[in-house]
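Subject: Model for your review

Hello,

Here is the structure you are taking over. Please look through it first; notes on what was found follow below.

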Amino acid sequence: MTEEVLRIEGLRKAYGLLEVLKGIDLTVHRGETVCLIGASGSGKSTLLRCVNFLGYPTEGRIYLEGRLIGRESGGKMAYRESKLCAVRTHVGMVFQQFNLFPHLTVEENVTIGPIKIRGVPPAVAHEKAAEQLRRVGILDKAKDYPSQLSGGQQQRVAIARALAMEPSIMLFDEATSALDPELVGEVLVAMRKLAEDGTTMLVVTHELGFAYNVAHRVVFLHEGTIYEEGPPQEILVRPRRPRTQDFLRGHT
Ligand code: ADP
Ligand code: MG
């Protein structure tokens, strides 16, 4: 197997008394696209948020590029805020909502992170921004403002913005769920291209066609545990376990 980019061990997360993640073990290798599927409320977003430390795990270990991020101490995880920021710059996250800066142009949205957070010289940042905007097919909109773009175009800018930080892994949380149906395709095409380019991706999606065509591995989350996982041709076509079968029946 190739190198591990992300390794999650025994991850638990509770909100008060509600245990949402009940011991997750998951590894994503370099260049791999893993699709995370499961019913609403099964813990998919919570899992991504833990990887990005937008949410704090209750227990468990997460390694990024082989380095332990956060440490268990007496059942609680202890983190240093400075370290968290460093982690977040190595994890690219794309949400349902695009959250672009409305007062900045497309190009500025993509260059601001590298310039302000990474200290990349502006000329270099602009060159790299152009490259990422080209990858998602939106370079011609570089001088536009977000409000001038369709939702699908805005989401592709958001993807380019995340890529511009040169993250170790890209996380997508239902990146197409807020889009009008006719705009979903262009975003999925862009995501597929990234996967084919060898981008390491962990993708929460309801687009099972995308998962089937693009994922190297599909993970089905059920009530906070990994209930079944495997190649898309197995999990999405002939799942072995009953909850996975129920879920897929609901999606056809
Ligand atoms: P999914 O993304 O699979 O729909 P989530 O991870 O968003 O699932 O949510 C899993 C469970 O955790 C749900 O029962 C949800 O209500 C609960 N939950 C999510 N975020 C919070 C929070 N900040 N506080 C309390 N409960 C939460
Ligand atoms: Mg969610």
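Two residues are in contact if their C-beta atoms, placed from the backbone, lie within 7 Å. Helices (H or I, at least four residues) and strands (E, at least two) are DSSP runs, numbered from the N terminus. With those terms, the cover over the buried residues of α3 includes α4 (122–135) and α5 (151–164). The buried residues in α3 (residues 106–116) are V106, E107, N109, V110, T111 and P114; buried requires 20 or more other C-beta atoms within 10 Å of the residue's own, the C-beta atoms being placed from the backbone.

This is a predicted model: local features need pLDDT of at least 70 and side-chain atom pairs count only at pLDDT 80 or more, while totals for chains, interfaces and linings use all residues. Residues are numbered from 1 along each chain as its sequence is written, and chains are lettered from A and ligands numbered from 1 in the order in which they are written.

Leaving out residues up to four places away in sequence, F172 touches V94, M191, M201, V203, V204 and T205.

Sheet. Six strands make an open sheet of mixed pairing, ordered β8-β9-β10-β3-β11-β12; two strands pair if DSSP finds at least two bridges between them. Because β8 (91–94) and β12 each have a single partner strand, they stand at the edges, and one side of each is left without a neighbour in the sheet.

At one end of that order, β11 (residues 217–222) and β12 (residues 225–230) pair in the antiparallel sense over five bridges. V218 has G230 of β12 as its bridge partner, and L221 has I226. Two residues lie between the strands of this hairpin, where E223 takes a positive phi near 50°.

Ligand. Which residues surround ligand 1? They are Y15, L18, V20, G38, S40, G41, S42, G43, K44, S45 and T46, the criterion being a C-beta atom, placed from the backbone, within 6 Å of the molecule. β2 (18–29) and α1 (44–51) are the elements that give two or more residues to this shell, and α1 gives the most, with three.

Regards

Technical notes
Buried ≥ 20, exposed ≤ 12 C-beta atoms within 10 Å, placed from the backbone.
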